[in-house]
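Hi,

Here is the structure I promised to pass on.

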Amino acid sequence: MTDRPTYTPVTPADLIPLTATGWTAVEGGRALAKVFTFRNFIDAMGFMTRAALWAEKWNHHPEWSNVYKTVTVTLTTHDTGGLTELDLRLAAKMDALYND
Ligand SMILES: C[C@H](O)[C@H](O)[C@H]1CNC2=NC(N)=NC(=O)C2=N1
């Protein structure tokens, strides 16, 4: 059972809580990016595995890469070519998982 929000567009004000936690608007405001740094590779993999389960549940998938203990994430909504509520939701979930 998916719990998928609609493609609600994002206003600049919506981004303020996320920029406060280290997310940066990139690609002319059409994407959000953040680098997560972990204690080690296994913690980075654990984060990616947990985040992947939410991404699949919400059918909204990150562009991301891992190098040792860092995970570099870009979020955008490919179907609309910009940021939507789904990106904000996944960004907030990644922050919560990171702080767990
Ligand atoms: C067909 C499928 O539902 C779509 O391609 C989904 C899959 N995951 C997605 N992920 C992201 N980030 N953006 C999308 O537009 C998107 N669309």
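**What I found**

Let's start inside: M94 lies in helix α3. Helices (H or I, at least four residues) and strands (E, at least two) are DSSP runs here, numbered from the N terminus.

Before I go on, the ground rules: this is a predicted model, so local features need pLDDT of at least 70 and side-chain atom pairs count only at pLDDT 80 or more, while totals for chains, interfaces and linings use all residues. Residues are numbered from 1 along each chain as its sequence is written, and side-chain values use heavy atoms, with hydrogens and water left out.

Is M94 buried or exposed? M94 is buried, with a relative accessible area of 0%. The cut-offs are under 20% relative accessible area for buried, over 50% for exposed, and partly exposed in between (1.4 Å probe, protein chains only).

If you skip the neighbours within four places in sequence, M94 is in contact (heavy atoms within 4.5 Å) with W23, F36, F47, A51, P62, W64, V73 and L75. For a sense of scale, M94 and V71 are 23 residues apart in sequence, and their C-alpha atoms are 11 Å apart in space.

**The sheet**

Four strands make up an open sheet, in the order β1-β2-β4-β3, with antiparallel pairing. The edge strands are β1 (24-26) and β3, each of which pairs on one side only. From one strand to the next, the twist averages 25°. Two strands count as paired if DSSP finds at least two bridges between them. As a reminder, strands of a sheet pair through backbone hydrogen bonds, either parallel or antiparallel.

Going through the pairs:

- β1 and β2 are antiparallel over three bridges, and A25 has L32 in β2 as its bridge partner. These two strands form a hairpin with four residues between them, and E27 in the turn has a positive phi of about 55°.
- β2 (residues 31-37) and β4 are antiparallel over six bridges. A33 is partnered with T74 in β4, K34 with V73, and F36 stands opposite V71.
- β3 and β4 are antiparallel over five bridges, with W64 opposite V73 in β4. They also form a hairpin, this one with two residues between the strands.

Five of the seven residues of β2 are buried, so this strand is largely enclosed by the rest of the structure.

**Salt bridges**

Side chains of opposite charge can pair when their charged atoms come close. The rule used is a side-chain nitrogen of Lys or Arg within 4 Å of a carboxyl oxygen of Asp or Glu. How many salt bridges does that give? The count comes to two.

One joins K34 and D95, at 2.6 Å from N to O. That pair links distant parts of the chain, with K34 in strand β2 and D95 in helix α3, 61 residues apart. Both residues, K34 and D95, are buried.

The other is between D43 and R39, where the closest N and O atoms are 2.9 Å apart. Here D43 is partly exposed, with a relative accessible area of 25%, and R39 is exposed at 69%.

**On the surface**

F41, I42, V67 and Y68 make a nonpolar surface patch of about 450 Å². Patches are built from residues with over 30% relative accessible area and no salt bridge, joining like charges within 9 Å and nonpolar side chains (Val, Leu, Ile, Met, Phe, Trp, Tyr) within 5 Å. The areas come from the Shrake-Rupley method with a 1.4 Å probe, and for residues only the protein chains shown count as cover.

Where is Y68 placed? Y68 is in the loop between β3 (63-67) and β4 (70-75). In that hairpin turn, Y68 has a positive phi of about 50°. Y68 is exposed, with a relative accessible area of 52%.

Cheers

How values were computed. Axes fitted to C-alpha atoms, helices over the stretch in contact; angles between N-to-C directions.
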